Structure formats: C-alpha cells, structure tokens
Amino acid sequence: RSTPDIEVIDKSKAQEAGHTITINSDGIPHSYCHNPKSCDNELGQLGRKGDPSTPLPIQLGFEDNNINTKNNNIASIAARYAYTGGFPSSGHSAILDTQGNI
C-alpha cells in the first residue's frame, strides 16, 4: 500500500501491532492498519481519524504557548522518519521531522 505516483522516502511497519506509517517525498506521513486482526486504531496509534485500512495523511502540528497555532501554517512541518512498534494491546508510533523534532 502506498500513495500512487509519490515516492516513499521512509516506512515503518509494526508487525505485531499491525500498523504502518509511510512518509512521501513531500514530507507527508500516511498511516494505515496492515493487519486488521491486530490493529483497529482504537489506541490512536495511526495519529488520525478515518478508515484504518486506507492510507490517509497524518496532519502534523505543534503547541507553543507563544504562537497562535490556529493561524500557523502547519504544512511547513515536513516528516522525515517514521517509527512504529508495540503489540496489539499497546501499539505506538512516532514521527521525526526534518528539524529533529518528534
């Protein structure tokens, strides 16, 4: 599973937890459950809402008490590395951006 016509630059697949995160060449992460028996996104490990079996984008943002994030352009945050892991009862994910932030 991947987004058509877009180069995937990183991919992390949690075998036991059953979910995958890919990052395309535009720095946009997509997540999905590759094993519906062990992943249903009940724990929020996909980082987004929607159909868990379909690769959908994860919106990246941040909190800063000194910045009005409502007006901040979160599209400027680009993902570089994806990390997934855990078990069906404790799936987890992390994304590292191009600036080194998790």
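This is a predicted model: local features need pLDDT of at least 70, side-chain atom pairs count only at pLDDT 80 or more; totals for chains, interfaces and linings use all residues.
Local features need pLDDT of at least 70, side-chain atom pairs count only at pLDDT 80 or more, and totals for chains, interfaces and linings use all residues. Residues are numbered from 1 along each chain as its sequence is written, and side-chain values use heavy atoms, with hydrogens and water left out.

Strands (E, at least two residues) are DSSP runs numbered from the N terminus. Buried means under 20% relative accessible area (1.4 Å probe, protein chains only). H19, I21 and I23 point one way from β2. T20, T22 and N24 point the other way.

Strand β1 (residues 8–14) pairs with β2 in the antiparallel sense over 6 bridges. Two strands pair if DSSP finds at least two bridges between them. K13 has T20 of β2 as its bridge partner. The hairpin of β1 and β2 has 4 residues between the strands. There, G18 takes a positive phi near 85°.

β2 also pairs with strand β3 (residues 29–33), in the antiparallel sense over 5 bridges. These two strands form a hairpin with 4 residues between them. G27 in the turn has a positive phi of about 80°.

S31 is found in β3 and is the bridge partner of I21. S31 counts as buried because its relative accessibility is 0%. Leaving aside neighbours within four places in sequence, S31 is in contact (heavy atoms within 4.5 Å) with T20, I21, L46, R48, T54, P55, L56 and I58.

Technical notes: Buried means under 20% relative accessible area, exposed over 50%, partly exposed in between (1.4 Å probe, protein chains only).
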